[in-house]
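Student: Could you take a close look at one part of this model for me, the salt bridges and the helix contact that goes with them? I'd like one connected walk-through.

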Amino acid sequence: MTRLGDLERAVMDVLWDVVPGTSDGVTVREVADALDGRELAYTTVMTVLDRLAGKGMVQREREGRAWRYRPAASREAHIAQLMLDALDLGGSRDAALVRFARSVTGTEAEVLRAALGSEAGLTGPGSTGGDPGDTELTDRLDGPTGRRTAGEAAER
């Protein structure tokens with residue numbers, strides 16, 4: 001997954017914050033208006049959205065002469081994919097995971113335990129027992145590597 005530049009991130013934040021999952025999306029003008037403090041030209045926002053579409057970060061649909069844009073995946077799915085990509089940077093995945101696990105807060109550790117318990121189909125103390133809300137915490141397995149890909153929880 002491609003890292004986002006500052007302006008791309010600001011545009012994605014608008015899309016993630018403004019566009020509900022069931023929405024038809026927003027126009028370039030609506031995104032530009034939401035970025036009102038940045039004093040950006042309409043064409044600049046249009047270019048950024050076009051590049052994000054090329055990267056697969058946004059989906060777009062033609063509406064008359066304009067395009068409507070919406071995020072291709074949730075913010076949480078994007079962050080999860082960034083974390084998975086970081087694990088692929090080299091070295092020991094296991095060591096990186098252990099180091100990460102040791103760095104989280106107690107509350108974050110409980111969230112991870114619940115998600116892992118749910119994924120394993122476990123129930124009991126500290127487990128969510130498959131609560132539908134957990135789908136944002138875990139995503140579908142992707143291929144023989146056992147890696148998860150972001151944005152696919154709804155397909156399970």
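This is a predicted model: local features need pLDDT of at least 70, side-chain atom pairs count only at pLDDT 80 or more; totals for chains, interfaces and linings use all residues.

Tutor: Arg68 is buried, with a relative accessible area of 15%; buried here means under 20% relative accessible area, exposed means over 50%, and partly exposed is what lies in between, using a 1.4 Å probe and protein chains only. Its salt-bridge partner is Glu63, with N and O 3.4 Å apart, and Glu63 is partly exposed at 45%.

Residues are numbered from 1 along each chain as its sequence is written, and side-chain values use heavy atoms, with hydrogens and water left out.

The structure holds 9 salt bridges, so let's pick up another one. Arg9 pairs with Asp13, the closest N and O atoms being 3.2 Å apart. These two sit 4 residues apart in helix α1 (residues 6-18), which means about one helical turn separates them. Helices, by the way, are DSSP runs of H or I with at least four residues, strands are runs of E with at least two, and both are numbered from the N terminus. Arg9 is partly exposed at 31% relative accessible area, and Asp13 is partly exposed too, at 22%. This pair also belongs to a network of salt bridges that links Arg9, Asp13, Asp17 and Arg75.

Arg75 takes us to helix α4, which spans residues 75-87. The axes of α4 and helix α5 (residues 93-103) come within 9 Å and cross at roughly 130 degrees. Axes are lines fitted to C-alpha atoms, for helices over the stretch in contact, and angles run from 0 to 180 degrees between N-to-C directions. The two helices are therefore oblique to each other: under 35 degrees counts as roughly parallel, over 145 as roughly antiparallel, 65 to 115 as roughly perpendicular, and the rest as oblique.

Who touches whom there? Met83, Leu84 and Leu87 in α4 meet Arg93, Ala96, Leu97 and Phe100 in α5, contact meaning heavy atoms within 4.5 Å. By class, that's 6 nonpolar, no polar and 1 charged residues; Ala, Val, Leu, Ile, Met, Phe, Trp, Tyr, Cys and Pro count as nonpolar, Asp, Glu, Lys and Arg as charged, and the others, Gly among them, as polar.

Arg93 has a salt bridge as well: its partner is Asp88, with the closest N and O atoms 2.5 Å apart. Asp88 is partly exposed at 40%, and Arg93 is partly exposed at 30%.

Back to the strands for a moment. Arg70 lies in strand β2 (residues 66-71). Arg60 is 10 residues away from Arg70 in sequence, yet they are 6.5 Å apart in space, C-alpha to C-alpha. Setting aside neighbours within four places in sequence, Arg70 is in contact with Val19, Ser23, Asp24, Gly25, Val58, Gln59 and Glu61.

To place all this in the chain: it has 6 helices and 4 strands, running α-α-α-β-β-α-α-α-β-β from the N terminus on. Of its 156 residues, 29% count as buried.

Key. A salt bridge is a side-chain nitrogen of Lys or Arg within 4 Å of a carboxyl oxygen of Asp or Glu.
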